[in-house]
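Here's a walk through one protein model, written for someone who likes to click along. Keep the viewer open as you read.

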Amino acid sequence: MSALAIAGQDRFTLADVSHCERTALDLDTVMQDSFFKRVIGIWNSKRGAAAAPFRRDIDAFDFPSDILPRLMLIEVLRHPLRFRFRLTGTKADQIHERNITGLSSDDLMPAMLAQSMRRDFTDIVESGRSQWVELLFTNIQGHRRQTRVLRLPLLANDSTTDDPRIGYIMSVFSFQKIAGIGV
């Protein structure tokens with residue numbers, strides 16, 4: 001078991017999560033966080049004047065080595081609408097306690113996280129807007145972890161200015177241990 005391990009101690013796994021709170025954060029404040037500011041900078045440089053960059057314009061090697069383990073690329077599949085993880089960094093795999101590349105968001109556990117992701121991913125596809133959210137996980141021992149997730153839309157390679165379809169979602173996260181209950 002790894003997942004959300006802090007300094008090799010106090011293991012925190014999604015399998016043990018008993019509660020998850022989701023809070024939408026003001027996207028304008030993302031630039032105050034130096035980690036996410038770098039991600040937004042790369043995304044903006046790739047999109048130019050478009051609403052979002054095309055998938056073909058994003059390369060994992062565009063990102064610094066401290067961001068790569070926390071980077072995920074989610075493919076949007078249609079008819080029916082579903083979401084498949086095409087690229088997952090090592091930290092994402094640790095949190096889920098397995099390699100999630102190739103899995104659907106519906107395959108993730110706990111179910112409450114899978115349902116929340118599906119709603120969020122659907123909103124990005126329908127609105128074309130980025131998201132910045134905070135998830136506060138509490139496990140059955142009362143330990144808590146805060147995770148911040150920045151999700152950015154990428155246009156499908158075959159979309160046009162007349163039909164700008166979201167084909168992928170790029171997701172980057174950070175997490176930290178929360179002092180208090182059970183810690």
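## Ground rules and confidence

This is a predicted model, so to speak, with residues numbered from 1 along each chain as its sequence is written. Local features need pLDDT of at least 70, side-chain atom pairs count only at pLDDT 80 or more, totals for chains, interfaces and linings use all residues, and side-chain values use heavy atoms, with hydrogens and water left out.

The mean pLDDT (the predictor's confidence in each residue, from 0 to 100) is 87, and 89% of the residues reach 70 or more. Residues 1–9 are where to be careful: the pLDDT there is below 50, and the stretch has 22 contacts in the model beyond near neighbours in sequence. Contact here means heavy atoms within 4.5 Å.

## Overall layout

The protein has three helices and six strands. These are DSSP runs numbered from the N terminus, with helices being H or I of at least four residues and strands E of at least two. Reading from the N terminus, the order is β-α-β-β-α-α-β-β-β.

Of the 183 residues, 46% count as buried; buried means under 20% relative accessible area, exposed over 50%, and partly exposed in between, using a 1.4 Å probe and protein chains only. The accessible surface comes to about 9,100 Å², and carbon and sulfur atoms account for 50% of that. Those areas come from the Shrake-Rupley method with a 1.4 Å probe, and for residues only the protein chains shown count as cover. Among contacts between residues at least 6 apart in sequence, 58% join residues at least 24 apart.

The largest nonpolar core has 49 residues. Such a core is a set of buried Ala, Val, Leu, Ile, Met, Phe, Trp, Tyr and Cys residues joined through side-chain atoms within 4.5 Å. Val-39, Phe-63, Phe-85, Leu-150 and Met-170 have the most contacts inside it, and β6 supplies the largest share, seven residues.

Leaving aside neighbours within four places in sequence, its contacts include Val-39, Phe-36, Trp-132, Met-170 and Ser-171. Ser-171 itself is found in strand β6, residues 166–177, and counts as buried because its relative accessibility is 1%.

## Aromatic rings

How many aromatic pairs are there? The count comes to four, where rings of Phe, Tyr and Trp (its six-membered ring) pair if their centres lie within 6.5 Å, with planes under 30 degrees apart counting as stacked, over 60 as edge-to-face and the rest as tilted. One of them is Phe-35 with Phe-36, edge-to-face at 5.2 Å centre to centre with 85 degrees between the planes. Both of these residues, Phe-35 and Phe-36, are buried, and together with Trp-132 they form one aromatic cluster.

Phe-83 and Phe-121 also pair edge-to-face, at 5.3 Å centre to centre and 65 degrees between the planes. This pair links distant parts of the chain: Phe-83 sits in strand β3 (residues 82–88) and Phe-121 in helix α3 (residues 111–127), 38 residues apart. Phe-83 and Phe-121 are both buried.

Arg-55 lies over Tyr-168, 5.7 Å from the ring centre, and Arg-56 lies over Phe-54 at 4.2 Å.

## Loops worth a look

In the loop between β2 (71–77) and β3 you'll find Pro-80, and the peptide bond into it from His-79 is cis, with omega near 0 degrees. His-79 is in that loop too, with phi near 60 degrees, a positive value in a residue other than glycine. His-79 counts as exposed because its relative accessibility is 77%.

The loop between α2 and α3 holds Pro-110, and the Met-109 to Pro-110 peptide bond is cis as well. Glu-97, also in the loop between α2 and α3, has a positive phi of about 60 degrees although it is not a glycine. Thr-101, in the loop between α2 (90–96) and α3, touches Phe-85, Arg-86, Leu-87 and Thr-88, not counting residues up to four places away.

Notes: A charge sits over a ring if NZ of Lys or CZ of Arg is within 6 Å of the ring centre and within 35 degrees of the ring normal.
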